[in-house]
Amino acid sequence: MDDRRRDVPRTDTVLAEPVVAEAVDRLGRPAVKAVVAGVLESCRAGEVAPDGVVAEVVDRLPPSSTSLRAVVNATGVVVHTNLGRAPLSRAAVDALVLAAGATDVELDLATGRRGARGRGALAALRAAVPDAEDAHVVNNGAAAVALAARALAADREVVVARGELVEIGDGFRIPELVESLGVRLREVGTTNRVRLEDYAAAVGERTAFVLKVHPSNFRVEGFTSSVGVAELATLGLPVVADLGSGLLRPHPRLPQEPDATSALRAGASLVTASGDKLLGGPQCGLLLGRADVVHALRRHPMARAVRVDKLTLAALEATLTGPIPPVAEALSRSTADVEARARRLAAAIGGDATVESTEGRVGGGGAPGVPLPSAAVSLPADLAAPLRLGEPPVVGRVRGGRLLLDLLTVPEGADDVLLEAVRRVRSGGVG
Ligand SMILES: *Cc1c(COP(=O)(O)O)cnc(C)c1O
């Protein structure tokens, strides 16, 4: 025992090792010191040899200073809420890194005076949606709805269809959000049906606007009717359309999904949407519409409380002007391509790996019920947990006793990463 104690290296000696010193630069001294202390503890207990301490420290170091892990999304759900919704494009990631330092987000370098915050991102938005006279960006879709409600309808009424009183997730409901801002909701119609006459009977002097909410995460089928933006616009009141999913133009694969351009052309005064759903950008809320309306929102005191940060502005602009983001890429993937990749991967994995046809989903509040034909590598279900705990973690879905790794949501370049991850857990290694 005493001999072993004497051989245990000192903390400072371990910290001075070049690989460990490099980790201190990257992860910070306290984090690395805690790992070193843990390994020395194991060394004292005889579980780690004194000459194996440094290697064990390197092994136990966290990959980065965030506890968040980069995950391979093999769920087949393109915009997966629990996996952080839209993965960013390479261009958006580069923009984030650039904007992380000091940046001219609110400075005009030509004059040295204050510049309009986020002008690049807003110009890109206006260029992407020429039907919008002006645009504004806030923290998320819910903040966009909230700002519109507060700035345009405080102490007044908003008319909305009962079938559009949406709960967006985690217990949060659009109608409760709107009411929490001192806006009275006038509900019209029934769960399944509403007509223009219902709206017409409800609007009055106290009505600030008619709200059209896209039922983005459920579908009512059967005996149904709703009223579109074009018809609502005939009521002579502003129409605010909460689109949710953030399509800027119609998408050929999602014909039922509303988009900003069409809603504005149909006569909406304002549309609100999320930036990190089908648009494929960073979390933010988009407000697009009539110049006077957007101006009123931008100047409202609450706008400051939902202001978006420089990182988001940078990533949003790059999403709009750069190469197509991963969400759009996933939607454009042909079923034949995905099947070919699944066959190749299953063959490379070997053993009991097979290929299964699957149906992916848009997910995350978009195109509910619309199947996206896809293919998956099918493996025994007991591989789900070890794959999830590997590095990188791989998240698939379990169906009928099999683990399905759906390739619709896996970038093509990540097939090898997936293959390596599966090989590791099959050979009994832990990630
Ligand atoms: C997703 C969604 C929201 C909320 O947007 P967040 O970006 O999650 O805040 C609001 N309305 C609709 C219709 C949605 O689908």
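# Reading a predicted model together

Tutor: Let's start with strand S4, residues 134-138: four of its five residues are buried, so the strand is largely enclosed by the rest of the structure. Keep in mind that this is a predicted model.

Student: Why are S4 and strand S12 said to pair?

Tutor: Pairing needs at least two bridges between the strands. S4 and S12 (residues 285-289) have five, in the antiparallel sense, so they count as a pair. Within this pairing, Val137 stands opposite Leu286 in S12.

Student: Why is strand S14 called largely enclosed?

Tutor: S14 covers residues 372-380, and seven of its nine residues are buried, so the rest of the structure largely encloses it.

Student: Which strands pair with S14?

Tutor: Strand S13 (residues 354-360) pairs with S14 over seven antiparallel bridges, and Thr354 has Ser378 in S14 as its bridge partner. Strand S17 (residues 402-406) also pairs with S14 in the antiparallel sense, over five bridges. There, Pro380 has Arg402 in S17 as its bridge partner.

Student: Now the ligand. Which residues come nearest to it?

Tutor: Of the 15 residues around the ligand, the nearest are Gly141, Ala142, Ser216, Gly244 and Ser274.

Student: Which element supplies the largest share of the shell around the ligand?

Tutor: Helix H8, with three residues. H8 spans 141-153, and both this helix and strand S10 (239-244) supply at least two residues of the shell.

Student: How do the shell residues divide into nonpolar, polar and charged?

Tutor: Six are nonpolar, eight are polar and one is charged.

Student: What domains does the assignment give?

Tutor: It gives domain 1 (2-60), domain 2 (72-83 + 329-426) and domain 3 (90-323). The C-alpha centres of domain 1 and domain 2 lie 38 Å apart.

Key:
Residues are numbered from 1 along each chain as its sequence is written. This is a predicted model: local features need pLDDT of at least 70, side-chain atom pairs count only at pLDDT 80 or more; totals for chains, interfaces and linings use all residues. A residue is near a molecule or strand if its C-beta atom, placed from the backbone, lies within 6 Å of it. Ala, Val, Leu, Ile, Met, Phe, Trp, Tyr, Cys and Pro count as nonpolar, Asp, Glu, Lys and Arg as charged, and the others, Gly among them, as polar. A residue is buried if 20 or more other C-beta atoms lie within 10 Å of its own, exposed if 12 or fewer, and partly exposed in between; C-beta atoms are placed from the backbone. Domain bounds come from an automatic or database domain assignment.
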